[in-house]
Amino acid sequence: MLKYTGLENKNVLVIGLAKSGYEAAKLLSKLGANVIVNDGKDLSQDSHAKDLENRGVKVIGGEHPLSLLDSNPIIVKNPGIPYTVPLLEAAVEKGLKILTEVELSYLISEAPIIGVTGTNGKTTVTSLIGDMFQKSRVTGKVSGNIGYVASKVAQEVTANDYLVTELSSFQLLGIDRYKPHIAIITNIYSAHLDYHESLENYQNAKKEIYKNQTEDDYLICNYHQRHLIESESLSAKTYYFSTQQEVDGIYVKDGFIVFQGFRIIHKDDLVLPGEHNLENILAATLAALLAGISVRAIIASLTTFSGIEHRLQYVGSNKTNKYYNDSKATNTLATQFALNSFDQSIIWLCGGLDRGNDFDELIPYMKNVKVMVAFGETQSKFVKLGESQGKYVITATDVQDAVDKIQDAIEPNDVVLLSPACASWDQYNTFEERGNKFIKSFQAHLPSF
């Protein structure tokens with residue numbers, strides 16, 4: 001941790017306790033700042049608030065008094081709090097600096113930073129880079145919007161590490177000097193307009209990731225959205241990724257992932273399915289190469305990385321078949337996405353809570369479905385759907401029974417996909433429980449040696 005002295009004896013107001021506010025307040029106190037924490041909810045019984053008070057930090061809950069701005073503090077706000085709340089509006093009028101805690105992570109990090117943002121895919125890219133580091137001699141730690149507070153993790157890394165940080169648009173709005181050595185923008189689509197008010201504002205928030213980069217840094221972007229940055233004044237070396245054509249960066253050619261003419265791996269050997277994940281893989285692989293991770297470690301990750309838990313999660317293989325847990329697919333849109341991610345024949349496990357809807361909108365995505373296994377309250381609806389499309393349909397009592405019953409129907413190279421298109425509450429407490437039962441059932445059918 002760098003001995004940053006720029007906040008010594010400075011008045012700092014942390015708005016919003018939560019996890020990031022708690023860690024930010026502790027760090028600020030350690031850095032010698034005069035810290036006040038404020039939250040609109042009652043904090044009298046909050047354990048984190050009590051811990052901060054024991055550390056000498058003043059905590060004010062239940063309201064946002066404007067008098068908190070009398071000392072002209074630097075503000076560190078929870079990224080989810082909109083700038084339209086009266087206290088922040090007043091702070092803007094006074095010209096006070098408003099930051100988010102990721103700024104603190106930059107100020108104290110001894111490690112260079114890989115920053116990942118984008119509308120879709122940033123969690124997968126961040127997690128994949130983290131997995132590549134785990135399989136490498138180079139060390140890196142994951143942080144940020146992925147669930148690990150960046151300002152806490154930044155205290156643990158050294159100059160020999162990398163700090164890999166997932167960054168939301170909300171977090172990026174609150175940076176000042178923050179500068180990743182390697183910045184990734186996976187893509188930018190319309191999102192969070194209730195917060196940003198316009199697509200332009202949202203896009204500009206994402207672009208904050210590279211505003212402080214220099215010619216010694218790298219920016220990795222989606223080639224097919226290059227128009228969003230080509231008009232910008234960029235200092236960083238810019239690389240692109242593309243699944244469709246050769247670019248200055250990393251791309252797919254003749255089925256291989258290629259960087260600077262070197263073939264890294266064939267896409268058929270990847271375990272993360274779908275075109276969207278191929279883009280995520282390209283971005284993560286390029287960042288890993290720039291960070292000095294070996295090709296061997298990258299390949300080891302790409303052939304084993306399971307993805308995000310319960311979201312098209314690669315579970316493993318059995319008799320040449322890959323199993324995927326997409327239990328989080330609790331609606332037809334998510335299942336459309338999953339079914340569209342595979343070119344191989346699919347054994348599709350589906351069904352769950354009946355909310356009164358039918359599933360005809362899944363028909364255009366069923367071309368690769370060979371076998372359907374239906375369970376739960378919607379079983380009869382999926383049986384009807386499958387038979388209408390000439391599919392072989394099996395009925396099962398639940399997920400475990402479904403895995404048991406497909407064993408006689410599996411053929412080499414079939415994909416087994418749990419993507420229910422329904423909530424789990426008819427048979428399971430959560431979609432996580434349903435997914436875990438699927439994984440356990442898969443493991444029960446692995447060969448014993």
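Predicted model: local features only at pLDDT ≥ 70, side-chain atom pairs only at ≥ 80, totals over all residues.

Which residues are buried in helix 15?

Modeller: The buried residues of helix 15 are Arg434, Gly435, Phe438, Ile439, Ser441 and Phe442. Around the helix axis they cover an arc of only 165°, and they therefore lie on the same side of helix 15. The face turned away from that buried side carries the exposed residues Lys440 and Ala444.

The helix itself runs over residues 431–444 and has 14 residues. From its first C-alpha to its last it reaches 20 Å, close to the 20 Å expected at 1.5 Å a residue. Several elements cover its buried residues, including strand 15 (313–318), strand 16 (321–325) and strand 17 (346–350). Helix 14 (399–406) and strand 20 (415–418) are also among the elements that cover them.

Helix 11 (residues 295–302) may be set beside this description. Its buried residues are Ala297, Ile298, Ser301 and Leu302. Seen down the axis, these residues fall within an arc of 135°, so they line one face of helix 11. Their cover includes helix 5 (122–134), strand 14 (262–266) and helix 10 (275–290).

The charged pairs complete the account. The structure holds 15 salt bridges. One of them joins Glu156 and Lys141, whose closest N and O atoms are 3.8 Å apart. This pair links distant parts of the chain, 15 residues apart: Glu156 lies in the loop between helix 6 (150–153) and strand 8 (161–166), and Lys141 lies in strand 7 (residues 139–144). Glu156 is partly exposed, with a relative accessible area of 40%, and Lys141 is likewise partly exposed, at 35%.

Another salt bridge is formed by the side chains of Lys179 and Asp217, at 3.0 Å from N to O. Asp217 counts as buried because its relative accessibility is 2%, and buried means under 20%.

In a further salt bridge, the closest N and O atoms of Glu246 and Lys253 are 3.0 Å apart. Glu246 is partly exposed at 47% relative accessible area, and Lys253 is partly exposed at 39%.

Note on methods
Residues numbered from 1 in each chain as written. Heavy atoms only, no water. Buried < 20%, exposed > 50% of the residue type's maximum accessible area, 1.4 Å probe, protein only. Helix = DSSP H or I, 4+ residues; strand = E, 2+ residues; numbered from the N terminus. Arc of directions from axis to C-beta. Contact = heavy atoms within 4.5 Å. Salt bridge = Lys/Arg side-chain N within 4 Å of Asp/Glu carboxyl O. Expected span 1.5 Å × (residues − 1).
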